[in-house]
Amino acid sequence: MSGVVVGVVVLLAVGVVVGVALRRRSWPETPAFARPRPVTSPGGLAPDPNAGFFTDRGPLFRKRLFFVGTGCPPSLVADFPSLDVSQREQPVRIARHGIRSWWWFEGEFYREAAALQADDVRTWVRERQRRQRIRQDRARFLSAAEESLRKRENG
């Protein structure tokens, strides 16, 4: 009887080891831009143009969804539909690697190393959008003023 128990335990242990090995071996390759880098100083929020999601086939050809960003190796995403809905109204932390975090908000990705909270991210994004609108308004005004001057000189 004890030989049967030992046999079952050995088979379970081998199964666990094989499962872990297959999972590690099936992990997607890390793109060059996503390889971890040292953080020289805590940084505020910055857009991450490299960030995004991709799908991969894992063990038994199961479809898996990963997030990857600048300095963030592939990170398995568990509940994408819920995150996708939430990010439309509030910033969602997608991944962490070391002291860095990646946020998803209104379809854009941001990275930071300053331990920000969702409200901090929202405030920063809104301020950035406000500054962009001011720059665009100023550019339109200057363009219209130049056009008006050209018409005066030519007319």
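This is a predicted model: local features need pLDDT of at least 70, side-chain atom pairs count only at pLDDT 80 or more; totals for chains, interfaces and linings use all residues.
1. The side chain of R64 makes a polar contact with the side chain of D56, at 2.7 Å. R64 sits in strand β3, which covers residues 63–69. Its relative accessibility is 10%, so R64 counts as buried, the limit being under 20%. The R64 side chain that contacts D56 therefore belongs to a buried residue.

2. The side chain of R122 makes a polar contact with the side chain of D119, at 2.9 Å. R122 has a relative accessible area of 26% and is therefore partly exposed; that class lies between 20% and 50%.

3. R122 also has neighbours from elsewhere in the sequence. Leaving aside residues up to four places away, R122 touches E89, Q90, P91 and F105. For one of these, Q90, the separation from R122 is 32 residues in sequence, while the C-alpha atoms are 7.0 Å apart in space.

4. On the overall layout, the protein has 3 helices and 7 strands. Their order along the sequence is α-β-β-β-β-α-β-β-β-α.

5. The protein has 155 residues, of which 25% count as buried. Its accessible surface is about 10900 Å², and carbon and sulfur atoms hold 57% of that. Among the contacts with a separation of 6 or more, 48% are between residues 24 or more positions apart.

6. The aromatic residues deserve a point of their own. The structure holds 9 aromatic pairs. One of them joins F53 and F80 edge-to-face, with 5.1 Å from centre to centre and 80° between the planes. F53 lies in strand β2 (residues 52–57) and F80 in helix α2 (residues 80–86), so this pair ties together parts that are 27 residues apart in sequence. F53 counts as partly exposed because its relative accessibility is 24%. F80, at 27%, counts as partly exposed too.

7. How are the rings of W104 and F109 arranged? Their centres are 5.6 Å apart and their planes meet at 10°, so the pair is stacked; planes under 30 degrees apart count that way. Both W104 and F109 are buried, whereas F53 is partly exposed.

8. These two pairs belong to a wider group. Ring pairs link F53, F67, F80, W104 and F109 into a cluster.

9. A last point concerns the surface. V4, V8 and L12 make a nonpolar surface patch of about 280 Å². L12 is located in helix α1, which spans residues 2–25. With a relative accessible area of 57%, L12 is exposed, since the limit for that class is over 50%. By contrast, R64 is buried and R122 is partly exposed.

Technical notes: Residues are numbered from 1 along each chain as its sequence is written. Side-chain values use heavy atoms; hydrogens and water are left out. Buried means under 20% relative accessible area, exposed over 50%, partly exposed in between (1.4 Å probe, protein chains only). Contact means heavy atoms within 4.5 Å. A polar contact is a pair of N or O atoms within 3.5 Å; within protein, one must be able to donate a hydrogen and the other to accept it, and residues adjacent in sequence count only if both atoms are side-chain atoms. Patches are made of residues with over 30% relative accessible area and no salt bridge: like charges are joined within 9 Å, nonpolar side chains (Val, Leu, Ile, Met, Phe, Trp, Tyr) within 5 Å. Accessible areas come from the Shrake-Rupley method with a 1.4 Å probe; for residues, only the protein chains shown count as cover. A salt bridge is a side-chain nitrogen of Lys or Arg within 4 Å of a carboxyl oxygen of Asp or Glu. Helices (H or I, at least four residues) and strands (E, at least two) are DSSP runs, numbered from the N terminus. Rings of Phe, Tyr and Trp (its six-membered ring) pair if their centres lie within 6.5 Å; planes under 30 degrees apart count as stacked, over 60 as edge-to-face and the rest as tilted.
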